[in-house]
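Here is a short briefing for a first look at this structure. Keep the sequence and the 3D view open while reading.

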Amino acid sequence: MNDNLHQLRCFGCGARISGAEAQPDFRCVQCGDLFEVEYPGWGQREGPDRPNPGALKWLWRERRCSSEALDPSGVWRFRELLPILDSFGNAVSLREGNTPLYPLTRAAKALGIDQLYAKHQGMNPTGSFKDTGMTAAMSVARERGFEWVACASTGNTSAAMAAYAARAGLRSLVLIPEGKIAWGKLSQAMDYGAVTCQLKADFDGCLRLLTQIVKEAPIYLLNSVNPYRLEGQKTPAFEIAEAFDWNVPDHLIVPGGNLGNSSALGKGFRELHELGLTARMPRISVIQAEGANPLVRSFAADHGATLVPVKAHTRATAIRIGNPASWRKAARVIQDTGGWCLDVTEAEIAIAKAELGSEGLGCEPASAVTLAGLKKLRARGDVSPAETVVLVLTGHTLKDADYTIDFHRGTLLNQDESIGLEVEINRLQRNAVAVDATAAAVLAAMKGRAV
Ligand code: F0G
């Protein structure tokens, strides 16, 4: 395949433009919708640009053992499927991707499912899935000569952006909702040298303001409205397919916030299928927090045809988003793959997170909605025991240690939220205990007895 054959296609009206013609806010001038990266020629089954599936699978696997500049990256390892740069020499990489796919044996047993896995995107360089998208879009920013990049964020995008900007030698601006992001994430933006502005606004307000700012100054917008972000974020789909020897799992479950990630993973699986690398698509379901569930409401009202923004509230601050930018794309993915869109309560999120922790796989609260959602789907009979299910865990547990500590100390949930779930919650709580500095006291503590 030739390098950089891409163009941008409006998801709303289908208008096509070149990458250089995109507006600073990445909205279509004709209809206001978002763009998707498109590679002409990929649709033509017999065309010369159509890759050879067998050769590609072999090449991508070989690169895992290569130390050539971009090969150790789990994103650029697949660069034939994201030819978005004029020169791959402009790529900015922190060796992202190549994240583990863990079997979840205890959860599988409890749910009566044979094959349950967690694709842990929290095992990326800055601790979240955002790194896979950031390497792609930051590389475009560098190639196009920008000095400043910016994002609005609930924390993880800003951590990733600040790190990749620092590696690229670019300046970065972060807009975050004051008091509503986890400390781990805020500390990363500071550490990597971003100009960090805490605004008296929610995420949706931060993004609105930034959209205005990028129209007034030459700043490259790195939120997931930027279609190049999604090109990087589609690559975990390739890793998952590869891990199953190019037989895709039956069902992928993804948390939903601004809805870029579910859109990207859907695009990744769709392209694999269109290019003949896999025989089918997995079902893709999106799970939101009950207090930040605009897409769930949209599916309940008219199966994802319209979306009414909500005022968002959830302790899973990463997905505290009421007006998701990529909702149309995500709705299409759910519709096309026969997935579901549902929401889970604060207590269900906390319990699922503790259950994942007790399997040795910590994650941040927003990631745990996937297990909570799967439990609901299983209880409804929408997931059968024979299905292979993959949960996408989006962030590392250390991102939001306060949440975890509050849960184990019993100060996270209020009485109303935990009603009927007290036994389950008690069973999972492991608060630290103050113990006398004697062997007898420590041994007693191991048996759960005070001395
Ligand atoms: N999980 C985590 C840990 C996140 O940080 C986010 C989004 C999501 C899930 C939802 O993904 O927005 O693509 O649907 N975080 C963004 C941020 C909004 O600013 O870090 P989405």
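Lys 375 has a relative accessible area of 25%, so it counts as partly exposed (buried is under 20%, exposed over 50%, partly exposed in between, with a 1.4 Å probe and protein chains only). This is a predicted model: local features need pLDDT of at least 70, side-chain atom pairs count only at pLDDT 80 or more, and totals for chains, interfaces and linings use all residues. Residues are numbered from 1 along each chain as its sequence is written, and side-chain values use heavy atoms, with hydrogens and water left out.

**Salt bridges**
- Lys 375 and Glu 355 meet through their side chains in a salt bridge of 2.8 Å, N to O (a side-chain nitrogen of Lys or Arg within 4 Å of a carboxyl oxygen of Asp or Glu).
- Lys 375 sits in helix α13 (residues 365-379) and Glu 355 in helix α12 (residues 346-358), so the pair ties together parts 20 residues apart in sequence. Helices (H or I, at least four residues) and strands (E, at least two) are DSSP runs, numbered from the N terminus.
- Glu 355 is buried, with a relative accessible area of 18%.
- The side chains of Glu 239 and Lys 119 form a salt bridge of 2.5 Å, N to O. Glu 239 is in helix α8 (residues 235-243) and Lys 119 in strand β5 (residues 115-120), 120 residues apart. Both Glu 239 and Lys 119 are buried.
- In total, the structure holds 24 salt bridges.

**Nonpolar cores**
- The largest nonpolar core has 84 residues (buried Ala, Val, Leu, Ile, Met, Phe, Trp, Tyr and Cys residues joined through side-chain atoms within 4.5 Å). Among those with the most contacts inside it are Trp 76 and Leu 252.
- Helix α4 (residues 156-168) gives the most to this core, with 7 residues.
- A second, separate core of 41 residues includes Leu 111 and Cys 363.

**Ligand site**
- The ligand is surrounded by 19 residues (a heavy atom within 4 Å). The closest include Ser 153 and Thr 394.
- A polar side-chain atom of Lys 130 lies 3.0 Å from a ligand nitrogen atom.
- For Gly 257, a backbone N or O atom lies 2.8 Å from a ligand oxygen atom.
- Taken alone, the ligand exposes 470 Å², and the protein buries 99% of that (Shrake-Rupley method, 1.4 Å probe; for residues, only the protein chains shown count as cover).

Note on methods. Polar contact = N/O pair within 3.5 Å; in protein donor to acceptor, adjacent residues only side chain to side chain.
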